[in-house]
Amino acid sequence: MAVSSVAAQPRPSIFSRLSESRNSLGFGFMLPAAVLLLVFLTYPLGLGVWLGFTDARIGRSGIFIGIENYQYLWNDSVFWLSVFNTLLYTISASILKFALGLWLALILNENLPFKSFFRAVVLLPWVVPTVLSAIAFWWIYDSQFSILSWALQQMGLIDHRINFLGDPTNARASVIAANVWRGIPFVAITLLAGLQTIPQSLYEAATLDGATRWQLFRYVTLPLLTPIIAITMTFSVLFTFTDFQLIYVLTRGGPVNATHLMATLSFQRGISGGQLGEGAAIAVAMIPFLLAAILFSYFGLQRRKWQQGGRD
């Protein structure tokens, strides 16, 4: 009788089994985000790759021309100058943002008076819209009415106004400084969150063993903060490499293409110049650099897990 009663119980439906499965539930929650990414990310990316192989212009779909756009870019000195500018801009700004952001995070992690207020103030450059930040820096760097040149003259450090955005070298340094000012809060607050997760007992044990402040940082803080640093700097590099608004408002790639990044050159050729195929080819040429940054961070995290005894 017991066997027959058990056999008589109906099998749960497929819907019931799926609703009780954790994997299915997770897939259900991820499905809307996957659809949004497919529509608003995958399709534009695929369209951009396709346009890079055509001679499309604004108002004309164009025809397939193979790798002619890339062959043209290979011999284009302005394109290679934009590659150099992009790498210089990204590497310099990322190093400065990491060094200054880590230093600021260490300070904000101390028991300071009004530390909550200072943490909120630090976020202001990140919260302000990029265009407003760029306009403010445009005023600071103005060749005639620069407040920075005026202040340096009043202190007797210079005897004439500095042409910040009119000289190629000064323009490169100026846009890097503006990007660093805007990006430091993201790095500092993210690293500060990582510092908050490090147990104080580790510092106390190391202090009892006679460790100095440098040794505490070198052997306790830095190793435990490495995964957060890898993720933070990956996002920082991606944001910096694809920067457009700051450069476009400040210099529009000038003077003489000295501050043209790949993103701004792609916009100039594709939208302003009407050569959609060429502009798309420049944008597609950015992908290998972005993948390299992501893979560098990924393998860095893998190495850190191996140091902790894990396999993946």
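Which residues do ring pairs link into a cluster? I looked this up in a predicted model and found Trp-50, Phe-53, Phe-64 and Tyr-70 joined in this way.

**Entry 1: aromatic pairs.** I noted 17 aromatic pairs in the structure. One of them is formed by Trp-50 and Phe-64, whose rings are stacked at 5.8 Å centre to centre, with 20 degrees between the planes. I then located the two partners: Trp-50 belongs to helix H3 (residues 22-51), whereas Phe-64 lies in the loop between H3 and helix H4 (68-74), so the pair ties together parts that are 14 residues apart in sequence.

**Entry 2: accessibility of this pair.** Trp-50 has a relative accessibility of 46% and counts as partly exposed. Phe-64, at 53%, counts as exposed, because the cut-off for that class is over 50%.

**Entry 3: a pair within one helix.** I next examined Phe-235 and Phe-239, which form a tilted pair with 6.1 Å between centres and 40 degrees between planes. Both residues lie in helix H12 (residues 213-241), and because they are four residues apart, about one helical turn separates them. I recorded Phe-235 as partly exposed, with a relative accessible area of 41%. Phe-239 is partly exposed as well, at 42% relative accessibility.

**Entry 4: charges over rings.** I looked up where charged side-chain ends sit over aromatic rings. The charged end of Arg-182 is placed over the ring of Trp-126, at 5.8 Å from the ring centre. For Arg-218, I found the charged end over the ring of Tyr-219, 5.1 Å from its centre.

Notes:
Residues numbered from 1 in each chain as written. Predicted model: local features only at pLDDT ≥ 70, side-chain atom pairs only at ≥ 80, totals over all residues. Heavy atoms only, no water. Phe/Tyr/Trp six-rings, centres within 6.5 Å; stacked < 30°, edge-to-face > 60°. Helix = DSSP H or I, 4+ residues; strand = E, 2+ residues; numbered from the N terminus. Buried < 20%, exposed > 50% of the residue type's maximum accessible area, 1.4 Å probe, protein only. Lys NZ or Arg CZ within 6 Å of the ring centre and 35° of its normal.
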